[in-house]
Amino acid sequence: MTQQIVVRYGEISLKGKNRSEFERILVRNLRNALVGVDGARVHHHGGRMMVECDEADADEVVHRLQRVFGVVSLSPAKVSALSVDAMAQAAVAVYRDAQTGGAKTFKVEVRRANKRFPIPSPELASELGGRILKAGAGAVVDVHEPDVTVFVEVRDAEAIVYGAKIPAVGGMPAGSAGRVGLLLSGGIDSPVAGWLAMKRGAELEAIHFHSYPFTSERALQKVEDLAQILADWGGRVRMHIVHFTDVQTEIRKYCPEALGITIMRRMMLRIAEEICRRRKLLALVTGESLGQVASQTLESMQTINAVTRWPILRPLVAEDKVDIMRRAREIGTYETSILPYEDCCTIFVPKNPRTRPRIDEAEAAEQALDIPRLVEEALARTEMKTFTARRNG
Amino acid sequence: MTEVYFDTAATAPLLPVVQDALTASFHVYGNPSSLHRKGVEAEALLKAARQAVLKVLGTSRGQIIFTGGGTEANNLAIFGTVRQHRNRGRHLVTTQIEHPSVAKAFEALAADGWSVTTVAPNADGTISAERVLDAVTDDTVLVSVMHVNNETGALLPVVEIGQALAKRPKVLFHVDGIQAFGKVPKPLQTLPVDLYTLSAHKVGALKGVGALYVREGVRIAPLLHGGGQEQGLRSGTENVLGIHALAVAAEALAGRVDEHWQHVTRLHDHFVERLAQVPRCRLHLPASKSPYIVHASFPGLKGEVLVHALEADGVYVSTGSACSTRGGHAKASPVLTAMGLPAEEVTGSLRFSFGPWHTMDDLDRVVSVLTDKVRWLIDLER
């Protein structure tokens, strides 16, 4: 038996001019997500996306489609012939499925795309509702807040009937919004920030600062694992590994200790901006959350941000830590993020960091550094790796 | 870049002779329990392996029970004893400097209601035989003391303890000899012991093979039940080639243990002399020790950072012991803490462990890289 699955994609249908492009990307992403499921096919016509697969694969297919950015909800559907009896049989079956899941009240909604079908929608709806009442033990109609809505779409060659709406991840199709740089540490926040950017259609190029021997190969492996988890959400993720040891040791040697973190972050932004320029990345995404640590006070953000005119997106700026942690668990990065390796932000932590550094004092503190040379040398030692989604099919 | 691997206490590289022997034996696939000739062929390898291991131990009698590693052999010795002899008493004696495969086993037994005395080390990391013996009561079932400590190299007075315990036939004596096997010459020639643990990969054979020596007449209970292999003490088809690899390593070592000990002692003494010149180095040298392990602290620096800094120049060492790191991240060593070392010496500690193939040039190279890296790190301090 084949199973049809209705795929709903909310927001992108709003964007008039770009709509066809978005839909094309979404269809491509759906197809990529289904690689390895034999016989699964994506159909797209008339503003409606349907996936067809073997009934036995339905759960797996739904599970995969739920994770495709841009998909708002899914409904496994029954296909029936264009007769009232056949539609009624399907409608009853859909209601019964919902009943097993605890639903009691229902309503029927009909959409008659095929106007040659002789019975108008309201009449068909009431006829099918009657059949469900007759067949279903204890069925009750509630047109205002039904437990389940039985949808019937009358099409040219067939009718499709479905009930439950399974929520999906939502957002915009991956790759529909251009490329951004992501400052990716090994922590909990930055992968979540990157995921949120991906969810809005951005393609990620992660930028990671590696400070061997102060951080280890395992710490780098951990960040690569995080990049892979993000890539598994349906997009290619490139990662630029910046060898940052020399920058950190020079800051350590020549700059006032209390401003060490501020200057380190400023150096990171300078290097990241240059990577963005070379790789044509339109913005930088960070995992900063207002007030979370000393470098994330408004004063710190301003002083750090002052070195770049590149747009910096901070999707987590107003999020609480607990919410970020919950999201990290949902997207599958948490367990990796909490592995206890040092990252470059936790070494050389000053005893008394300035929590409200001013731009002028940061500039004065940097006087001893040959900034263009440090940036250039760090860029020369930057490596790039590419991660693509793993398919288990 | 020439590499110097000074981490043999974690694991040793496969000996070339072992590699050759394995390559030549891959056709031996028989199950040693099979009745036909394929089984006989495999069984012959096991039999030869028991003899080779006994020879390195310095005895000709007793059983060798092959296990899936040193940890399993330690667990078999401890849990096997208490299971077999639980009616003899409820008290156990061990030390505070045991490897986790012993220490955690005793913790589990303590949680299970056994009374466990853990003898504290002296400040230099050695253990006093007297204190171990004082802890023994009429209720004691098992005494377990390691032969060579895996972090400091301390050589424990197991002979003295074993001789005293010989007068108490109801108390079983187990020695974890994982860091001593193939290094300390013929340990069982002088050591009266009931159970003795060894591990294959510490002497240049494969990981996943260990063994427990069980003295004649000593009875313990198995942990794994099944086909009754290994005299019923370790069911499961034997890892024939892994055990063969151990046999080959043991045979290669057998006649040379003394010579190696003398060579490594010279290395050790020279290394210790040179280390003392490295800035900020504090050596922790137990009064009685194996030359194969040297432990030093660099207070104020992080052992983990030093390990990575040395690795960048092809020098491989450990912080404390590899078993005290979880998922590659160093944790404070309970052994060093038990010795009363201040926190900064524990955090800044390195373990160097040698093999008989190392040379004075290797030592000089390690000392020179170490000196550079320590200076560089000190320079970054405030």
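His63(A) is found in helix 2 of chain A, which runs over residues 58–66. This is a predicted model. With a relative accessible area of 45%, His63(A) is partly exposed. Between the C-alpha atoms of His63(A) and Leu74(A) the separation is 9.9 Å, and the two residues are eleven apart along the chain.

**Chain A overall**

- Chain A has 13 helices and 15 strands.
- The C-alpha trace of chain A spans about 85 × 40 × 35 Å along its principal axes.
- Chain A has 393 residues, and 54% of them count as buried.
- Taking contacts in chain A between residues at least 6 apart in sequence, 79% join residues at least 24 apart.

**Cysteines**

- A disulfide is a covalent bond between the sulfur atoms of two cysteines.
- Over all chains, a search of the whole structure finds zero disulfides.
- Cys53(A) counts as buried because its relative accessibility is 0%, under the 20% cut-off.
- Cys276(A) is also buried, with a relative accessible area of 0%.

**Loop residues of chain A**

- Glu257(A) sits in the loop between helix 7 (245–254) and helix 8 (260–279) of chain A.
- The relative accessible area of Glu257(A) is 24%, so this residue is partly exposed.
- Glu257(A) and Lys351(A) are 94 residues apart in sequence, yet 8.2 Å apart in space, C-alpha to C-alpha.
- Lys280(A) lies in the loop between helix 8 and strand 13 (284–285) of chain A.
- Lys280(A) is not a glycine but has a positive phi, near 55°.
- At 62% relative accessibility, Lys280(A) is over the 50% cut-off and therefore counts as exposed.

- Tyr212(A) and Pro213(A) are joined by a cis peptide bond, with omega about 5°.
- Pro213(A) is in the loop between strand 11 (203–210) and helix 6 (217–232) of chain A.
- His308(B) lies in helix 10 (residues 303–312) of chain B.
- Leaving aside neighbours within four places in sequence, His308(B) is in contact with Tyr212(A), Pro213(A) and Ser216(A).
- His308(B) has a relative accessible area of 12% and is buried.

**Lys186(B)**

- Lys186(B) is in the loop between strand 6 (172–176) and helix 7 (187–190) of chain B.
- Phi of Lys186(B) is positive, about 30°, although this residue is not a glycine.
- Lys186(B) is partly exposed, with a relative accessible area of 38%.

**Helix 8 of chain B and its partners**

- Two packed helices are described by the angle between their axes and the distance between the axes.
- Helix 1 (residues 16–25) of chain B and helix 8 (residues 240–254) of chain B have axes that come within 9 Å and cross at roughly 140°.
- Helix 1 of chain B is therefore oblique to helix 8 of chain B.
- The crossing of these two helices is right-handed.
- Helix 1 of chain B contributes Val17(B), Val18(B), Ala21(B), Leu22(B) and Ser25(B) to the contact, and helix 8 of chain B contributes Leu241(B), His244(B), Ala245(B), Val248(B), Ala249(B) and Ala252(B).
- The contact residues of helix 1 and helix 8 of chain B comprise nine nonpolar, two polar and no charged.
- Helix 2 (residues 37–57) of chain B packs with helix 8 of chain B at an angle of about 35°, and their axes are 8 Å apart.
- Helix 2 and helix 8 of chain B have a left-handed crossing.
- Residues in this contact include Ala42(B), Leu45(B) and Lys55(B) from helix 2 of chain B, and Ile243(B), His244(B) and Glu251(B) from helix 8 of chain B.
- By type, the contact residues of helix 2 and helix 8 of chain B are 13 nonpolar, one polar and two charged.

**Helices 9 and 13 of chain B**

- The axes of helix 9 (residues 257–275) and helix 13 (residues 360–379) of chain B come within 10 Å and cross at roughly 20°.
- Helix 9 and helix 13 of chain B are therefore roughly parallel to each other.
- Their crossing is right-handed.
- Among the residues that meet are Arg266(B), His270(B) and Arg274(B) in helix 9 of chain B, and Met360(B), Asp364(B) and Leu370(B) in helix 13 of chain B.
- The contact of helix 9 with helix 13 of chain B divides into eight nonpolar, one polar and three charged residues.

Notes. Residues numbered from 1 in each chain as written. Chains lettered and ligands numbered in written order. Predicted model: local features only at pLDDT ≥ 70, side-chain atom pairs only at ≥ 80, totals over all residues. Heavy atoms only, no water. Axes fitted to C-alpha atoms, helices over the stretch in contact; angles between N-to-C directions. Helix = DSSP H or I, 4+ residues; strand = E, 2+ residues; numbered from the N terminus. Parallel < 35°, antiparallel > 145°, perpendicular 65-115°, else oblique. Left-handed = near helix turned anticlockwise from the far one by under 90°. Contact = heavy atoms within 4.5 Å. Nonpolar A, V, L, I, M, F, W, Y, C, P; charged D, E, K, R; others polar. Disulfide = S-S within 2.5 Å. Buried < 20%, exposed > 50% of the residue type's maximum accessible area, 1.4 Å probe, protein only.
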